[in-house]
Each structure stands twice: as structure tokens, then as C-alpha cells.
Amino acid sequence: MRAVITGITGQDGSYLTDLLLAKGYEVHGIVRRSSTLQRPRLDQQVHDQSIYGKRLFLHYSDLTDTTSLRRILSRIVPDEFYHLAGQSHVGLSFEIPESTCELTAMGTLRILEILRDLSPSPRFLHASSREIFGTPICSPQNEDTPLNPNSPYGAAKAFANQLVKIYRDSLGLFGCNAICYNHESPRRAENFVTRKISIAAASIKLGLQKELILGNIDSSRDWGCAPEFVEAMWLMLQQPNPKDYILATGKTHSVREFLELAFQHVGLDWKTYYRHDPRFQRPVEPENLRGDASRASIELGWKPKTSLAQLAAMMVDHDLSRLEQSILEKQ
Ligand code: G4F
């Protein structure tokens, strides 16, 4: 089996790469050309000569560069296509709405148009987001909950989500939306709140940081574990018929609770180090975000396993050992 992944260097892309390589796939990642060649989440595979260039390949392209995307895809002729790339930071999407929509919305349309011309066209997975529900009209949300986005990122994802449905229903594409609620891990980017907190807990414990500055800590999220989510994405493409699936834990917790869990894990009281800064506040903050993943449970046999306490401990432990290692290297 041959798979293409956009966003391969990100949290989900790197876990999906691990999963597909373990299943014997040939994996092709689309990467942007940038001034740095650092791809820390893929380091292990890229430096493994038995994998890189044999079962894992990276290709330079960009979601705005239709010609190179088309060329790469017609050469690879993939069986499966996982589209995970895009500007995914909700707060940032208020600062850079045009490029967010260009990548997240139009980028998806460009890929769908290319896939439409491929024969046979690969099975297609779009990493959609619960941001499409914005402030939802009901809770928990399922695959039939009306879209009501309230951020530029949510609007871009809603556009992409709908297009996948249209290409599936009208043009026969095997296309699925994985409607993902928040999912975290030690590979989460540092500008998302859970990772910002896990790094701070570890750094403060080691005497490398003095305080943690955050925005709204009373907002709540349905937080799951990223490696479990990519497993569900793979399962979605193995089904007889293409459908959309909610991926969520069905439980919500506040940022404050995550803070407590992370700091407790290193024996510290978060209140001593926390400082509020309205700069990290969002113009709007969705409420009642809780996903109903019954369809995924019944049809895919998928169930989230990791609790928030386990997730927080896993993330803090990872940051502790990473920071301890870098202290040792400097000595
Ligand atoms: O970690 P966050 O930035 O995640 P958010 O906005 O929920 O979005 C993530 O999950 C979505 C659903 O899967 C994805 F669509 C999206 O791409 C992304 O992966 O923020 C979580 C909460 C928010 O309420 C935010 O206001 O934490 C609050 N928060 C408080 N202080 C902060 C901070 N968020 C960030 N990033 N940084 C802070 O200092």
C-alpha cells in the first residue's frame, strides 16, 4: 500500500507515519521548502537508512502550488491520501485570516480537484475539526450537528469539510472527514495550550523558567490523545463506504484542570507561577464542546483510552527528560 500525507512533519503526520510504516506501507510526505531542514518529529525515520528513501519519501511542494502537487501525485499514484496540513492555530487565524483560508480551505479544494482527475483516485482522509461547529447549537455534537463556525480557521475548515462531502456525494470520491476534537501528545506544537503548560511545568521544576503566562484558563475542551486519533483516521479509510466520523473522548475539562494535573505531576502548585495576560485571550471562545464518537465506536471499533491525567503526565515526563538531556549536553 502506498500513502501520501500532507502535514507529515506535524504531530498527527508523524504519528500517522509511524503507524503506516509499521503496517508495511510506503509513505510519501509533502513538505514545504523552508529555510530550515529541521524536522524533529521525523528525525528517527529520516536518519534510518533502512527506511528513508526506501519506504519513506519526502517531496517538496505546497498547498498553493497546484502544478507540483499534481506532478507528485501522478507519479506516486497513491492508494490512500491523508490531508493533515494547514494553518491550524485558532487564535492565529484571527491575525492571519487570508493565509489561513488560502491554505486550509483553498488548499483542500486544490487537492480534491487533482484527485478528481486521477484514475484510480485514492481514498481520501481530510483532518477536519470540531471548530466547524463553532459555538454549537447542541451538546454533545455528532456528525449531523449543524455547522456554525466562529473563527476564520473554523470557517475555512467548514468549507473544506463540505467540499469533501460534495466530492463524495456528487463525484463518487472515497472521501472522509475525521472531525477531530482537540488531541494532544508530547509532539504537540509549543503554541497550543497543553504543550505550553507541560513545557512550563517541566522548565519551572528544573529552575529554567519562573512563570507561565496564559489567556483564558476557564475555557474547556474535549482533549484526547493524538496517536489514538491517527489510528481512527486509518480505520476510516479501511471501511467499505466513505463517511464522516467524530473523533472525541466525550469528556470536557478546563485549561485550569490541565494546569493542575501537569503541575501536580511535578509536585508544584500552579497558582504560584501562573500569570494572566489578555494578549492570549481569543475574540470569541466556543462553549459546550463535547464530541459524541458513537459512530466511530460502533463502526470502527474505536475508543479513546488515555485519560487527561495520563496525557498530562506523559507530556510533562517527555519535556522533563528532553530538558534534562539538554542540560547534560551543555555541561
Ligand atoms: O490549545 P489551543 O490553542 O487549542 P484550540 O484553540 O482548541 O484548537 C486546537 O484544537 C482544535 C480542535 O481539534 C483544532 F481545530 C485546532 O486546529 C487546534 O488543534 O487552545 C485551547 C484553549 C483555548 O480556549 C484558549 O483560549 O486554551 C486557551 N488558552 C489559554 N491560554 C490558550 C492560552 N491557548 C493557547 N494556544 N495559548 C495560551 O497561552
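Which side chains meet in a salt bridge at 3.0 Å, N to O? They are the side chains of R187 and D18, where a salt bridge is a side-chain nitrogen of Lys or Arg within 4 Å of a carboxyl oxygen of Asp or Glu. This pair links distant parts of the chain, 169 residues apart: R187 lies in the loop between β7 (183–184) and α7 (193–205), and D18 in helix α1 (residues 11–22). Helices (H or I, at least four residues) and strands (E, at least two) are DSSP runs, numbered from the N terminus. By the salt-bridge rule the count comes to 16.

The model is predicted: local features need pLDDT of at least 70, side-chain atom pairs count only at pLDDT 80 or more, and totals for chains, interfaces and linings use all residues. Residues are numbered from 1 along each chain as its sequence is written, and side-chain values use heavy atoms, with hydrogens and water left out.

**Domains and their interface**

The protein chain is assigned domain 1 (2–184 + 224–247) and domain 2 (193–220 + 252–286 + 305–330), with bounds that come from an automatic or database domain assignment. Their C-alpha centres are 28 Å apart. Contact (heavy atoms within 4.5 Å) involves 13 residues of domain 1 and 10 residues of domain 2.

The two domains bury about 880 Å² between them, 63% of it on carbon and sulfur atoms; buried area is the accessible area (1.4 Å probe) that two parts lose on being put together, summed over both. On the domain 1 side, F94, E184 and E228 lose the most area to domain 2, together 47% of what that side buries.

Across this interface the rule finds 0 salt bridges, while 3 residue pairs are in polar contact (both at pLDDT 80 or more). A polar contact is a pair of N or O atoms within 3.5 Å; within protein, one must be able to donate a hydrogen and the other to accept it, and residues adjacent in sequence count only if both atoms are side-chain atoms. Both α4 (90–95) and β10 (224–225) supply at least two residues of the domain 1 side, and α4 gives the most, with 3 residues.

**Ligand surroundings**

The ligand is surrounded by 24 residues, each with a heavy atom within 4 Å of it. The closest are S88, S129, R130, S219 and R221.

| Residue | Residue atom | Ligand atom | Distance |
|---|---|---|---|
| G215 | polar backbone atom | nitrogen | 2.8 Å |
| S219 | polar side-chain atom | oxygen | 2.6 Å |
| R282 | side-chain N or O atom | oxygen | 2.8 Å |
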